[in-house]
Amino acid sequence: LAVAGGHPKGRSLVFGSVGPVEELLCLEEIEEEALERAYSDQAAALGAGGVDAILCSSFTDLVSLCAAVRAAKRASGLPVIAGMKFDSGAQLNETAMGVTAPQACAALVAVGVDGMGCDVGDSPQSATEIVSLIRSSTSVSIWVRLQAGAPQLIEGRVEVEQTPCEFAKIGKQLVAAGGKFIGGGRGAGLDNIAALR
């Protein structure tokens, strides 16, 4: 919050992040009520800390994500963006649990989400297709965390597949496809973000 406060008024927002848990509701490893209580506590603490919105990020299980959204909205009263990690399936446009973007959008809009988000894993090339699928399924704002490609060890240095210019080109395509909030995920450094901006 202190860093955001140093920027011109209205130019920055702070999103509090809530992530998935390892236990799965579909396997009855955790009860939905217990999961919602935990997410409520986390969202309430983030709200009390002064965040502008809650980002439920990197989920693969839709039932758990819906529980997180309900809890975050109820506990914080803030806008909530729900993000799923689409990096599986033949076209890399499903979650590891087999959830598609249209399925996710229908369920999340029903629980009152304010924005739909996606992580696209190590295949940023599939990001534009996923954003298009989300845009055709809902009118809410779309958030995307774009990876800079898979990290590789080259001559003792960690490098990613994409140059900042290539990263920015994909970001531009995401905006054209309907993305509203575009940011960097793993491998995206300051050069990538500067090029994207």
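Are Tyr39 and Phe59 buried or exposed? Select both: Tyr39 is buried, and Phe59 is buried as well. Here buried means under 20% relative accessible area, exposed over 50%, and partly exposed in between, with a 1.4 Å probe and protein chains only.

Before continuing, please note that this is a predicted model, in which local features need pLDDT of at least 70, side-chain atom pairs count only at pLDDT 80 or more, and totals for chains, interfaces and linings use all residues. Residues are numbered from 1 along each chain as its sequence is written, and side-chain values use heavy atoms, with hydrogens and water left out.

**The whole chain**

Of the 197 residues, 40% count as buried. The C-alpha trace spans about 50 × 45 × 35 Å along its principal axes.

**The aromatic pairs**

Next, show the aromatic side chains. The structure holds 2 aromatic pairs. Rings of Phe, Tyr and Trp (its six-membered ring) pair if their centres lie within 6.5 Å; planes under 30 degrees apart count as stacked, over 60 as edge-to-face and the rest as tilted.

Select Phe15 and Phe181, an edge-to-face pair with 5.9 Å centre to centre and 70° between the planes. The pair links distant parts of the chain, since Phe15 belongs to strand S1 (residues 15–18) and Phe181 to strand S8 (residues 181–184), 166 residues apart. Phe15 is partly exposed at 31% relative accessibility, and Phe181 is partly exposed at 29%.

Return now to Tyr39 and Phe59, which form a tilted pair, 6.0 Å centre to centre with 50° between the planes. Tyr39 lies in helix H2 (residues 32–48) and Phe59 in strand S2 (residues 53–59), so this pair ties together parts 20 residues apart in sequence.

**Thr95**

Which residues is Thr95 in contact with, leaving aside its neighbours within four places in sequence? They are Phe59, Thr60, Met84, Lys85, Phe86 and Ser88, where contact means heavy atoms within 4.5 Å.

Methods:
Helix = DSSP H or I, 4+ residues; strand = E, 2+ residues; numbered from the N terminus.
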